[in-house]
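This report describes a single protein chain, its sheets, its pockets and its aromatic contacts. The sequence and the model come first.

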Amino acid sequence: MYRLLFSALFVLAIAVPAALAQDATKVDAKHYKVESQNKRARIVRVHYGPHEKSVMHGHPDSVAIFQTDGRIKFTYPNGKSEERDMKAGQAVFTPAGRHLPENLTNNDMEVILIEFKTMRQPAAKKPADTNATTTPRKQ
């Protein structure tokens, strides 16, 4: 019984954070388009019209390269928000997280987003136990 309960809690602990960090290209395809990807990174074109906003979504660690000048408001899951100015050509590292962005200007806003995929480490090989004793086989 405890084993089943522990297994269910483990699955929930893994699944819930993944579900909460919704992929922007899936929940807001109007503004986010995958341009290219491989096993290590994904390049996403982001385009917002004047005063458009998105839905709450998440990104992994990323680098944002702004293609236009602008001002953007980010609202976070805890309800707090912040406004940022951006300049065309500016590149900024952004740690993984969730937000709801909004273009505060009367102009289009365009960003190239390079999202880094987490690389899973291969399982470590178990070293051979050199101190193990073996019993001879009976013949």
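## Terms and basis

In the residue classes used below, Ala, Val, Leu, Ile, Met, Phe, Trp, Tyr, Cys and Pro count as nonpolar, Asp, Glu, Lys and Arg as charged, and the others, Gly among them, as polar. The model is predicted: local features need pLDDT of at least 70, side-chain atom pairs count only at pLDDT 80 or more, and totals for chains, interfaces and linings use all residues. Residues are numbered from 1 along each chain as its sequence is written, and side-chain values use heavy atoms, with hydrogens and water left out.

## Overall content

The protein chain holds two helices and nine strands; helices (H or I, at least four residues) and strands (E, at least two) are DSSP runs numbered from the N terminus. Read from the N terminus, the order of elements is α-α-β-β-β-β-β-β-β-β-β. Of the 139 residues, 25% are buried (under 20% relative accessible area; exposed means over 50% and partly exposed in between, with a 1.4 Å probe and protein chains only).

Ala 64 has Leu 113 in E9 as its bridge partner.

## Four-stranded sheet

Another open sheet, also antiparallel in its pairing, has four strands in the order E3-E8-E5-E6. Strand E3 (57–59) and strand E6 (81–86) are at the edges with a single partner strand each, so one side of each has no neighbour in the sheet. Neighbouring strands here are turned by 45° against each other on average, direction ignored. Strand E5 (residues 70–75) pairs with E6 in the antiparallel sense over six bridges, and Arg 71 has Asp 85 in E6 as its bridge partner.

## Pockets

A pocket is an open set of points on a 1 Å grid over the protein atoms alone, where a 1.4 Å probe fits, with protein on both sides within 12 Å along at least five of seven lines; lining residues have an atom within 4 Å of a point. Grid points are joined across faces, edges and corners, and a volume is the space filled by probe spheres set on the points. The largest pocket has a volume of about 440 Å³. Its lining has 26 residues, with Ala 64, Phe 74, Arg 84, Thr 94 and His 99 nearest the centre. E8 contributes the most, four residues, and the lining divides into 17 nonpolar, six polar and three charged residues.

The second largest pocket holds about 330 Å³. It is lined by 14 residues, of which His 59, Pro 60, Phe 116, Lys 117 and Thr 118 lie nearest its centre. E3 and E9 are the elements that give two or more residues to this lining. By class there are five nonpolar, four polar and five charged residues.

## Aromatic pair

The whole structure contains one aromatic pair (rings of Phe, Tyr and Trp, its six-membered ring, with centres within 6.5 Å; planes under 30 degrees apart count as stacked, over 60 as edge-to-face and the rest as tilted). Tyr 32 and Tyr 48 form this edge-to-face pair, at 5.9 Å centre to centre and 90° between the planes. Tyr 32 lies in strand E1 and Tyr 48 in strand E2, 16 residues apart. Both Tyr 32 and Tyr 48 are buried.

Key:
Two strands pair if DSSP finds at least two bridges between them. Axes are lines fitted to C-alpha atoms, for helices over the stretch in contact, and angles run from 0 to 180 degrees between N-to-C directions.
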